[in-house]
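Subject: Handover of a structure and findings

Dear colleague,

Please find the structure below, together with its sequence.

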Amino acid sequence: MKKIFLTLSLFGLMASCSEDFVDIKDEGETNVADFFTTEDDALRATNAIYSFLRSWENTGFPAQFVFGVTGDDVDKGSNPGDASFINAYDNFSFTVSDDGVRGYWIGQWQAVNRANQVITNVPKIEMNATTRNRLVAEARMLRAYFYFNLVRIYGGVPIFDGLPPDGNYTKPRNSKEEVYNFIVSDLIAASEVLPQTYPASQLGRVTKGGALGLLSKVYLYMKNYQKAYDTSNQVIALGYSLDPDFNHLFRPAGEFGTESVFEVNCGCDPSLGKDVGSQYAEVQGVRDQFGWGFFTPTTALENAFEPGDIRKELTILREGETTLEGDLIKKGDPNAGNMWNQKVYVPKSLNNSACGYGSIQNLRILRFADILLINAEAANEIGNSAAAIININKVRFRANLGNTTATSQAAIRTAIWQERRVELAMENDRFPDLVRTGQAATVLGPKGFKAGKNELFPIPLDAMNSSTGLFVQNPGY
């Protein structure tokens with residue numbers, strides 16, 4: 001299967017605002033004034049947005065700090081002395097000066113700026129109108145995704161709808177509600193233009209189903225359950241289906257399968273330079289066998305699976321086991337733990353050493369299983385328990401489990417939260433799910449979570465300083 005390869009280092013494409021908090025320039029940047037002139041420029045600039053999806057900031061360390069370790073299903077991993085600063089995310093002692101807080105903030109703004117370069121400049125290019133409109137729609141969906149990341153972690157942030165004509169990036173934070181409405185408008189607009197499928201050579205480009213799927217998840221976070229239900233039904237009607245084999249789903253052979261709604265193409269092509277591929281699998285791979293051994297399953301996650309749930313052993317990779325693909329798991333560091341994330345495992349026989357271990361492992365941002373559970377949760381909240389139960393059971397059936405025993409609205413709600421935990425384990429949904437459902441203080445309190453504070457992360461200190469007093473810090477920091 002041919003993949004579209006998107007290089008990260010080829011284009012900085014950052015606005016000329018080096019003193020502003022949203023701009024951290026990439027090496028080898030291209031002067032925007034000399035760039036956006038041809039259809040090829042438009043395509044390359046859009047590809048530069050995609051390249052961020054598999055970047056260090058979005059798939060390597062910072063995202064794993066803020067979305068993963070903060071939950072109760074992910075440990076720091078590696079060995080105790082390696083990167084001990086990550087422990088601040090496990091016990092909620094991070095501060096406004098923490099590198100992870102700052103790194104994730106900077107990375108998401110870099111990505112927003114790349115999207116805004118396309119949204120502002122591509123409409124001015126004389127080129128095929130259908131292609132031009134599609135590229136702008138792709139940029140709008142991707143911008144919505146980055147803003148969704150920002151608002152879930154930091155709350156309200158400044159809205160930049162394109163590049164500011166006056167070059168001024170110093171503005172107050174918009175409210176959380178305004179940011180969510182902005183995200184919704186981007187996703188609706190994108191869904192009206194994006195195709196549902198692409199040729200095999202362009203797999204990984206965002207689709208109509210991806211835009212609607214993300215929109216249904218955004219509505220869930222907004223607690224607009226009727227729209228979450230209606231929109232997820234639109235996605236279901238597009239023909240997605242669960243991969244019947246949970247192991248196949250996360251192996252390279254399962255990439256862009258029937259369950260893929262929004263997936264990042266992490267193909268490796270050494271001819272394109274060191275920034276192709278992804279370190280998403282490497283940082284989580286078995287310590288000193290496949291990778292660095294970070295971000296590992298907790299005992300609490302292990303104990304969360306019901307007896308007979310096949311997802312338990314297909315989510316957790318263990319020291320001494322032999323995988324279905326024939327690899328004996330044997331760590332090289334005696335001080336590391338004994339469990340790792342099996343969803344990122346790439347068999348030795350498929351590893352492309354030219355780009356590093358697991359560089360070909362795609363990042364599954366949104367799967368059809370998530371859509372079914374979004375639909376179930378929304379249905380339950382609007383009083384349609386029958387629809388909720390049907391979709392819960394579809395997910396459970398694939399896991400080799402029987403029908404849910406839940407019947408009341410409250411019991412179904414709890415059952416859905418449980419299914420989200422075990423189905424989406426290690427996929428960076430647990431912490432934000434706990435926050436949005438109001439469970440965080442109870443579940444994470446023993447780790448140090450403080451209600452009224454740790455639902456959000458602090459705005460980084462340098463961003464606060466650069467705002468010249470326009471930003472108000474999140475409560476408690």
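Accessible areas come from the Shrake-Rupley method with a 1.4 Å probe. On that basis, the accessible surface of the protein is about 17,700 Å², and carbon and sulfur atoms hold 52% of it. Please note that this is a predicted model.

Overall architecture

The protein contains 19 helices and 6 strands. Its radius of gyration is 21 Å, close to the 23 Å that the globule rule gives for 477 residues, so the protein is as compact as a globular protein of that length. The C-alpha trace spans about 60 × 50 × 45 Å along the principal axes. Of the 477 residues, 61% are buried. Among contacts with a separation of 6 or more, 70% are between residues 24 or more positions apart.

The nonpolar core

The largest nonpolar core comprises 135 residues, and Trp105, Tyr147, Tyr154 and Ile183 have the most contacts inside it. Helix H6 (residues 129-154) gives the most to this core, contributing 15 residues. Leaving out residues up to four places away in sequence, Tyr154 touches Val101, Tyr104, Trp105, Arg173, Leu456, Phe457, Pro458, Ile459, Pro460 and Asn474.

Helix H9

Helix H9 (residues 225-236) has 12 residues. From its first C-alpha to its last, H9 reaches 16 Å, close to the 16 Å expected at 1.5 Å a residue. The buried residues of H9 are Tyr225, Ala228, Tyr229, Thr231, Ser232 and Val235. These buried residues pack against helix H8 (208-221), helix H14 (368-381) and helix H15 (385-398).

Two buried loop residues

Asp333 is located in the loop between strand S4 (316-318) and strand S5 (339-341). Because its relative accessible area is 7%, Asp333 counts as buried, the cut-off being under 20%. The side chains of Asp333 and Asn79 are joined by a polar contact of 2.7 Å. Apart from neighbours within four places in sequence, Asp333 is in contact with Asn79, Arg287 and Asp288.

Val346 lies in the loop between S5 and strand S6 (363-367). With a relative accessibility of 0%, Val346 is likewise buried. Val346 and Arg251 are 95 residues apart in sequence, while their C-alpha atoms are 6.6 Å apart in space. Not counting residues up to four places away in sequence, Val346 touches Pro252, Asn351, Tyr357, Gly358, Ile360 and Gln361.

Yours sincerely

Conventions: Residues numbered from 1 in each chain as written. Predicted model: local features only at pLDDT ≥ 70, side-chain atom pairs only at ≥ 80, totals over all residues. Heavy atoms only, no water. Helix = DSSP H or I, 4+ residues; strand = E, 2+ residues; numbered from the N terminus. Buried < 20%, exposed > 50% of the residue type's maximum accessible area, 1.4 Å probe, protein only. Polar contact = N/O pair within 3.5 Å; in protein donor to acceptor, adjacent residues only side chain to side chain. Contact = heavy atoms within 4.5 Å. Expected span 1.5 Å × (residues − 1). Core = buried A, V, L, I, M, F, W, Y, C linked by side-chain atoms within 4.5 Å. Rg over C-alpha atoms; globule rule 2.2 N^0.38 Å.
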